[in-house]
Amino acid sequence: PGKPQRSNAYTWCQVRRRVQEGSLWLVAHGNIYDASGYVDEHPGSVEAILKKVGEDCSEDFDFHTPAARRKEWASVRVGRVVKCGSGGPQKECCIM
């Protein structure tokens, strides 16, 4: 039951590039979520999502109950963040 999770891997560079192109990707605990279809329904407001796109929002994500994480977020998971190949710190990759 439920939609199978995709297991695509993206670097921080790729996540930020997708955000620059208009995607509403959030990262929490190494998982990437596409909030595009959920942003208008988020109980914390559209602004709560928009200010965190392209960033690690693990602390904010943890405010959701485990049931909400499974119900609301599992279906919009697009993959995991992996180490950037640029040799720099993981969050300091250049955006190409």
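**Close-up views of a predicted model**

**View 1. The pairing of β2 with β3.** Strand β2 is joined to β3 (residues 31-34) by four bridges, and the two strands run antiparallel; strands here are DSSP runs (E, at least two residues), numbered from the N terminus, and two of them pair if DSSP finds at least two bridges between them. Alanine 28 stands opposite asparagine 31 in β3. The model is predicted, with local features needing pLDDT of at least 70 and side-chain atom pairs counting only at pLDDT 80 or more, whereas totals for chains, interfaces and linings use all residues. Residues are numbered from 1 along each chain as its sequence is written, and side-chain values use heavy atoms, with hydrogens and water left out.

View 2. Four strands form an open sheet with mixed pairing, in the order β1-β4-β3-β2. Its edge strands, each pairing on one side only, are β1 (8-11) and β2 (25-28), and the twist from one strand to the next averages 40°. Helix α1 (residues 12-20) lies across β1, β2, β3 and β4 (77-82) and runs at about 85° to β1, where axes are lines fitted to C-alpha atoms, for helices over the stretch in contact, and angles run from 0 to 180 degrees between N-to-C directions. Helices are DSSP runs of H or I with at least four residues.

View 3. Serine 58 belongs to helix α3 (residues 58-61) and counts as buried because its relative accessibility is 12%, buried meaning under 20% relative accessible area with a 1.4 Å probe and protein chains only. Leaving aside neighbours within four places in sequence, serine 58 is in contact with Val27, Ala28 and His29, contact meaning heavy atoms within 4.5 Å. The side chain of serine 58 reaches the backbone nitrogen of histidine 29 at 2.7 Å.

Definitions and conventions. Buried means under 20% relative accessible area, exposed over 50%, partly exposed in between (1.4 Å probe, protein chains only). A polar contact is a pair of N or O atoms within 3.5 Å; within protein, one must be able to donate a hydrogen and the other to accept it, and residues adjacent in sequence count only if both atoms are side-chain atoms.
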